[in-house]
Amino acid sequence: MKEQMTSIISFLINKEVFAFDTLKVRNILEFDKVTWVPNTKDYLLGVINLHGNIIPIADMRVMMGIENIENGQDTAVIVVSDDDKKDSLLGLVVDGVKEVFDLDESEIKESVINGNTGLVHSFTGSLHKNEEFIHIIDLTEVVQEIEK
Amino acid sequence: MIDKFKAKFVEESNDNVHDLEEALLLLEKDTSNSEIIERIFRAMHTLKGGGAMFGFNQLSEFTHHLETVFDLIRNNKLSVTEDIISLTFESIDHIKHMLEVGDVEDEEELANQATFIQRVQRMSNSESTASMPAPAKVKVPEIKDDGSKTFLIKIKPNEEILKNGTNPFYLLDDLHAMGDAKVIAFHESVPALSNFNPVNSYCHWQVLLNTSESINDIKDVFIFVEDECEISIDEISSGNLLASDSIISAMDEAAKLQKLLTKEELVSKSSANKGGAEKKDAKKKVQLKEHKISSIRVNSTKIDELVNLVSELVTIQAQLNLFAENDGNPAVLALAENIQKLSRQLRDNAFSISLIPLQSELMRFQRLVRDLSKELDKDIEFVIEGGDIELDKNIIEHLTDPLLHIIRNAVDHGIEMPDERIKSGKSPKGTILFKAYYSGASVMVELMDDGKGIDPEFIRNKAISKGLIDANTELSRKEIFELVFLSGFSTKEEVTDVSGRGVGMDVVKKKIGEIRGEVSLDSEIGKGTTLTLELPMTLSIIDGLLVKVNKNQYVIPIANIEKIFALDTVSFGKTFNHVVNIDEEQYPFIDLRETFDTELGNKGTEQLILVKYEDRKVGLLVDQVIGEYQTVVKPLGRFLKKQENISGASIMGDGTIALVIDTNRLIHNNAIKKYRTKN
């Protein structure tokens with residue numbers, strides 16, 4: 001079979017490794033001050049100013065039902081855009097960004113997730129690398145959940 | 001790639017269709033104006049040509065038939081009738097449809113189209129034979145008028161033209177291909193052999209061309225050499241002058257003497273030839289070289305982007321000012337000041353680019369009034385004043401629906417039937433006046449009809465019967481008219497086709513409110529009704545009051561603010577049901593800390609901001625008022641649409657964000673119930 005290369009960016013949430021498709025990631029920022037917007041869902045932390053654009057920030061950890069959230073030096077915001085439109089930019093807070101790497105699509109296996117992942121149900125697949133399982137999150141579903 | 005061209009074609013065609021509609025409306029008022037007919041013909045011709053080029057073959061074919069009708073009209077072989085105009089209007093709608101869907105294969109659609117074409121064809125066939133009220137000025141000229149025309153074309157290439165690989169002879173060949181042509185070559189400027197440079201061109205030509213193509217088609221021949229040639233094209237006469245001996249001999253003479261033929265000479269010869277009958281308008285001298293582009297078409301997202309970037313620049317410039325002041329270095333201060341000046345100019349300029357005149361939207365309303373009044377057998381004129389007033393394009397976009405509704409109402413319910421109007425001593429023709437003008441930082445739009453007006457008593461009774469007000473309520477005249485904007489109020493009982501599709505004036509108010517505008521209504525029985533819209537000039541910049549609630553900063557639009565009071569917490573201790581007593585008056589209030597679900601901030605001092613809400617005043621309780629602030633409002637985006645209290649965000653000088661409160665929504669959402677019962 002012909003090789004289909006793809007690239008993912010992996011990150012940590014509560015010591016587990018997850019990943020997004022690199023093509024959908026626009027920016028990675030330090031987690032800094034967020035302007036809170038009243039009357040919104042609890043995982044929406046507020047908005048930030050990114051180069052003059054107002055971007056909403058959602059906490060992936062809250063979305064995935066993690067209880068003891070600690071913000072440290074590694075806490076980061078991954079700015080993603082699911083459909084490349086300007087108003088679809090969205091910042092997602094994670095415990096830390098690990099690495100970007102290329103892989104062959106044939107390496108991706110069906111995800112077997114044990115335990116609760118909160119509002120995030122849909123995964124594109126998982127792979128095994130360096131003794132770790134990396135679960136690739138389906139961004140479209142995350143975006144739809146937030147837009148609901 | 002082809003899709004891109006197609007999209008461009010559709011965009012341009014929509015402009016053409018727009019132009020067509022406008023011209024047609026004018027033609028209706030002045031059916032014999034040849035300039036307008038020419039304009040219509042041209043627009044159709046462009047549509048036809050473009051359609052064929054970009055694969056809209058059905059459109060092209062359809063327009064061809066329509067064009068035929070107007071060609072006949074143009075040549076005085078058919079006179080403009082009501083039927084033709086109505087059918088053309090219908091055809092325009094059909095063209096719009098075809099532009100949208102492209103070529104269709106659906107049989108039903110094709111059949112529809114075929115019948116449509118037949119109707120158009122009938123128009124050009126039957127009328128030309130049956131009732132042709134031959135205009136007086138048409139005499140039968142000696143030269144056979146077969147719809148062709150004769151042009152005098154002068155081509156003078158630059159000396160360097162050959163260097164680009166252009167062969168002028170091909171141009172002549174092209175002209176020959178268009179019809180009958182006679183060419184005179186002028187070679188007096190060819191130098192002696194010693195000075196002759198074989199890569200230079202020294203000749204120029206004059207061509208007398210008889211063709212049935214239009215002047216634009218002739219221009220197209222020169223489209224690639226416009227910059228390298230001096231070209232002039234003059235229409236000399238209709239019919240074929242090349243068939244005339246005197247003209248031919250004049251040309252031979254000119255060729256021998258190497259003397260340029262002039263237009264006047266030929267015109268006089270040709271009219272002499274025709275027995276001085278028809279003096280055609282030959283003034284349409286087309287100078288290809290002096291074509292200047294006065295406007296360009298830009299994608300609107302690019303303008304949005306520009307405005308965005310400029311807003312960003314203004315924000316950073318404010319930061320720079322702050323820094324320069326703290327730094328105290330005079331050189332830096334001077335620089336900062338210069339940049340401030342520049343960025344201010346740049347900002348004004350960028351915002352003015354995003355303004356478009358109202359006129360562009362009004363066309364369709366003119367059309368709407370025309371169609372509706374025909375449908376209802378009413379005679380209504382739509383008059384526009386101040387169509388050149390400019391508004392932010394986003395505002396104009398939001399204005400369409402409310403205006404549509406208001407105008408429909410005026411046509412359907414406002415203006416009476418002609419006989420009714422005569423009975424009440426008015427002219428049978430009704431008028432809807434659209435008037436726009438500047439008033440301070442806002443634009444006022446008035447829609448005035450001279451119809452039967454609305455009886456305030458009727459509104460009152462209706463509101464009582466609908467349970468909107470209590471039967472004993474005392475209301476001023478103004479307050480009564482305000483009732484119309486309440487939801488659940490619609491004055492016409494039955495649903496008609498034209499208006500009253502279940503959307504009432506409350507929707508109009510809501511829509512106008514979305515663009516931070518206001519609506520009011522006034523009416524006099526028997527005289528008519530006036531709706532007044534007050535609109536902001538631009539959406540993206542507002543004057544706001546910066547306030548603090550808990551740790552966050554918010555902006556409240558100053559336009560909504562009535563008064564600010566500083567109060568101590570104690571006075572609220574006694575409040576009951578969120579009503580506060582200030583200066584002997586009772587105001588309901590909303591504690592923003594409570595609605596925003598935050599804990600109380602600094603206790604001790606609080607400030608109450610009194611804002612307008614419909615006809616009343618409501619207080620908003622905040623921790624602290626910081627000051628006035630002019631700010632650029634940015635949208636929060638689609639992920640935060642669900643909450644309604646915040647309408648946007650604004651980036652402060654230091655890069656932090658202040659949220660802009662939508663006071664109308666906020667009050668509506670939080671206090672409306674309590675408030676109603678109180679009043």
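This is a predicted model: local features need pLDDT of at least 70, side-chain atom pairs count only at pLDDT 80 or more; totals for chains, interfaces and linings use all residues.

Glu82(B), Asp83(B) and Glu100(B) are exposed, and they sit on the helix face turned away from its buried side. The buried residues of this helix are Ile84(B), Thr88(B), Ser91(B), Ile92(B), Ile95(B) and Met98(B).

Check the length next. Helix 4 of chain B has 20 residues, running over residues 82–101, and at 1.5 Å a residue it should span 28 Å. Its end C-alpha atoms are 29 Å apart, which agrees. Just after this helix, Gly102(B) takes a positive phi of about 75°.

Now turn to where the chains meet. Chain A gives 15 residues to the contact, and chain B gives 21 residues. On chain A, strand 4 (44–50), strand 5 (53–59) and helix 2 (139–147) each supply at least two residues of the side that touches chain B. That side of chain A has 8 nonpolar, 5 polar and 2 charged residues.

Last, the cores. The largest nonpolar core has 75 residues. Among those with the most contacts inside it are Phe20(A), Val47(A), Ala58(A) and Leu659(B). Domain 3 (303–354) and domain 5 (542–678) of chain B both give residues to this core, so the core lies between them. A second, separate core has 38 residues, including Ile396(B), Ile406(B), Val443(B) and Leu533(B).

Look again at Ala58(A). Leaving out residues up to four places away in sequence, Ala58(A) touches Tyr43(A), Leu44(A), Leu45(A), Met63(A), Leu90(A), Leu92(A) and Ile146(A).

Terms used: Residues are numbered from 1 along each chain as its sequence is written. Chains are lettered from A and ligands numbered from 1 in the order in which they are written. A nonpolar core is a set of buried Ala, Val, Leu, Ile, Met, Phe, Trp, Tyr and Cys residues joined through C-beta atoms within 7 Å. A residue is buried if 20 or more other C-beta atoms lie within 10 Å of its own, exposed if 12 or fewer, and partly exposed in between; C-beta atoms are placed from the backbone. Domain bounds come from an automatic or database domain assignment. Two residues are in contact if their C-beta atoms, placed from the backbone, lie within 7 Å. Helices (H or I, at least four residues) and strands (E, at least two) are DSSP runs, numbered from the N terminus. Ala, Val, Leu, Ile, Met, Phe, Trp, Tyr, Cys and Pro count as nonpolar, Asp, Glu, Lys and Arg as charged, and the others, Gly among them, as polar. The expected span of a helix is 1.5 Å times one less than its number of residues.
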